[in-house]
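Colleague: Hi! Could you walk me through this one, starting with the terms I need?

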Amino acid sequence: MTMASTSTPPIPQPTPGNALLYRIPIAETKLGVSRSTIYRLVNEGELELVKISKRSSGITAASLHALIERNKATIS
């Protein structure tokens with residue numbers, strides 16, 4: 001009698017194109033704004049901040065992309 005394999009499928013590793021979080025300097029660069037603007041957008045609920053540890057945090061990629069989509073200019 002053989003044992004059934006109980007291994008779980010591998011977890012996909014994030015690549016630069018599908019990161020879950022962006023560190024603050026990367027979010028600044030992607031949006032072309034200052035650090036204070038990033039934190040203002042967090043305080044206004046426009047971006048979602050996740051604490052990684054006591055001294056580090058990141059902006060969720062989903063909230064960054066959603067902000068861009070919400071603020072796309074429409075050409076008439």
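Modeller: Happy to! Helices (H or I, at least four residues) and strands (E, at least two) are DSSP runs, numbered from the N terminus. Thr-60, for example, has its place in strand 3. This is a predicted model, where local features need pLDDT of at least 70, side-chain atom pairs count only at pLDDT 80 or more, and totals for chains, interfaces and linings use all residues. Residues are numbered from 1 along each chain as its sequence is written, and side-chain values use heavy atoms, with hydrogens and water left out.

Colleague: Is Thr-60 buried or exposed?

Modeller: Thr-60 counts as buried because its relative accessibility is 13%. Buried means under 20% relative accessible area, exposed over 50%, and partly exposed in between (1.4 Å probe, protein chains only).

Colleague: And what does the side chain of Thr-60 make a polar contact with?

Modeller: With the side chain of Ser-63, at 2.8 Å. A polar contact is a pair of N or O atoms within 3.5 Å; within protein, one must be able to donate a hydrogen and the other to accept it, and residues adjacent in sequence count only if both atoms are side-chain atoms.

Colleague: Which residues is Thr-60 in contact with, leaving aside neighbours within four places in sequence?

Modeller: Those are Leu-20, Leu-21, Glu-48 and Val-50. Contact here means heavy atoms within 4.5 Å.

Colleague: Let's zoom out. How many helices and strands are there?

Modeller: The protein has three helices and three strands. From the N terminus on, their order is β-α-α-β-β-α.

Colleague: Now helix 2. Which of its residues are buried?

Modeller: In helix 2, which covers residues 35–43, they are Thr-37, Ile-38, Leu-41 and Val-42. These residues lie on the same side of helix 2 because they cover an arc of only 145 degrees around the axis. That arc is taken from the directions from the helix axis to the C-beta atoms.

Colleague: What's exposed on the other side of helix 2?

Modeller: Ser-36 and Asn-43 are exposed there.

Colleague: And what do the buried residues of helix 2 pack against?

Modeller: They pack against helix 1 (24–31), strand 2 (49–53), strand 3 (56–60) and helix 3 (61–70). Just after helix 2, Gly-45 takes a positive phi of about 85 degrees.

Colleague: Last topic: what is the mean pLDDT of the protein?

Modeller: The mean is 85, and 76% of the residues reach 70 or more. pLDDT is the predictor's confidence in each residue, from 0 to 100. Among the elements, helix 2 has the highest mean pLDDT (97) and helix 3 the lowest (94).
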